[in-house]
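Open the model in your viewer and follow the stops below. Each one says what to select and what is there.

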Amino acid sequence: MGYSKIIGTGSYLPEKIVTNRDLESRIETSDEWIVSRTGIEARHVAADGELTSDLALAAAQRAMQAAGVGPAEIDLIIVATTTPDMVFPSTACLLQAKLGVKQGAAFDVQAVCTGFIYALSIADKMVASGSYRCALVVGAEVFSRLLDWNDRRTCVLFGDGAGAVIVKPSEEPGIYSSHLHADGSYSHILRVGGGIAEGRIRGNPYLEMDGQAVFKLAVRVLDECSREALEHNGFTGADVDWLVPHQANLRIINATADKMGIPRERVVTTVARHGNTSAASVPLALDGAVRDGRIQPGQLLMMEGVGGGMTWGSVLLRW
Ligand code: UT7
């Protein structure tokens with residue numbers, strides 16, 4: 001079995017920006033509280049009628065352009081999302097149609113904020129095995145639509161966006177390994193419990209979170225799965241050129257980087273401008289750092305995520 005490699009990235013953020021000051025005028029919160037607890041200053045929010053597949057389309061087109069890949073080449077589309085356009089068909093199938101891709105497989109992955117890490121890991125296995133030649137992997141979310149905008153404990157934290165990568169076979173790494181985990185016994189600490197049944201919403205359609213429980217678990221498991229990836233491949237934190245973590249909370253990101261011995265200037269952070277965009281956060285951060293020239297060929301990258309499920313995982317790769 002060979003390897004797979006990311007050969008192009010793209011991302012998209014909706015036009016509308018909601019700042020902490022905007023939220024101050026709507027709910028009992030403050031810029032000072034949000035920044036000191038999370039590092040978040042602003043988030044993007046999709047326009048009415050703008051769907052996850054629209055965000056995914058814009059990010060995918062940019063990734064395809066960067067990779068020099070057209071619709072005729074793509075034979076695998078995986079979309080990581082918690083906010084699909086509809087119950088079915090999958091957002092990946094809707095995206096396939098919007099892109100004009102006619103061949104191959106298309107499906108969604110649901111692992112909430114770890115979704116992109118799960119999707120990239122699946123694509124890696126399918127491409128490195130030689131079964132597929134050109135994968136489009138997308139993380140896309142309109143998380144703003146899962147929020148109760150009167151609940152200050154949750155609505156200040158999240159935003160909308162999309163990021164995408166093109167993955168092709170490679171004789172050299174590429175992706176060294178991925179390490180995925182889940183523990184469903186923690187399902188209650190972060191969830192949207194509602195669902196559609198018999199034409200009605202059953203249960204709470206808004207996000208509920210035990211913030212402190214999620215925080216503690218996140219710091220522990222991100223350290224574990226990053227260490228696992230390093231040890232598996234014989235590297236240490238000192239070898240990592242860039243940590244590209246899930247962007248939920250600057251305090252979680254910094255704690256994880258410190259535990260791995262990765263200096264802050266080697267950590268890609270977008271949380272201040274984007275908030276937590278769930279499955280979109282890692283590919284959004286990746287695309288930003290690729291396009292501004294921080295990430296360079298030959299560098300070692302650690303990507304990691306944690307989210308509802310609870311799920312978590314890491315991907316270690318050579319750029
Ligand atoms: O992808 C994974 C998704 N989720 C996460 O990663 C979230 C992980 N958890 C966290 O990031 C943090 O737990 C939060 C940022 C959510 C909360 O920070 P915290 O330091 O754990 O605060 P807390 O929940 O203990 O709340 C402290 C106080 C409370 O007031 P009292 O009870 O002490 O009077 C809250 O009611 O802060 C209050 N509070 C707020 N105040 C102003 C909660 N939200 C707000 C707010 N503005 N937006």
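The expected span of a helix is 1.5 Å times one less than its number of residues. Keep that rule for the first stop. Note too that this is a predicted model.

**Stop 1: helix α5**

Select residues 115-128, which make up helix α5. The helix has 14 residues, so at 1.5 Å a residue it should span 20 Å. Its end C-alpha atoms are 20 Å apart, which agrees.

Now colour α5 by accessibility. Is the helix mostly covered, or mostly uncovered? Mostly covered: 12 of its 14 residues are buried. Among them are Phe-116, Ile-117, Tyr-118 and Leu-120. Asp-124, Met-126 and Val-127 are also on the buried list.

Step just past the helix to Gly-130. Here phi is positive, about 90 degrees.

**Stop 2: the aromatic pairs**

How many aromatic pairs does the structure hold? It holds two. Select Phe-143 and Phe-158 to see a stacked pair. The rings are 4.9 Å centre to centre, with 25 degrees between the planes. Phe-143 lies in the loop between β6 (135-142) and α6 (152-155), and Phe-158 in the loop between α6 and β7 (160-170), so the pair ties together parts that are 15 residues apart in sequence. Phe-143 and Phe-158 are both buried.

**Stop 3: the ring of Trp-242**

Select Trp-242 with Arg-266 and Arg-294. The charged end of Arg-266 sits over the Trp-242 ring, 5.0 Å from its centre. The charged end of Arg-294 also sits over the ring of Trp-242, 6.0 Å from its centre.

Notes: Residues numbered from 1 in each chain as written. Predicted model: local features only at pLDDT ≥ 70, side-chain atom pairs only at ≥ 80, totals over all residues. Heavy atoms only, no water. Helix = DSSP H or I, 4+ residues; strand = E, 2+ residues; numbered from the N terminus. Buried < 20%, exposed > 50% of the residue type's maximum accessible area, 1.4 Å probe, protein only. Phe/Tyr/Trp six-rings, centres within 6.5 Å; stacked < 30°, edge-to-face > 60°. Lys NZ or Arg CZ within 6 Å of the ring centre and 35° of its normal.
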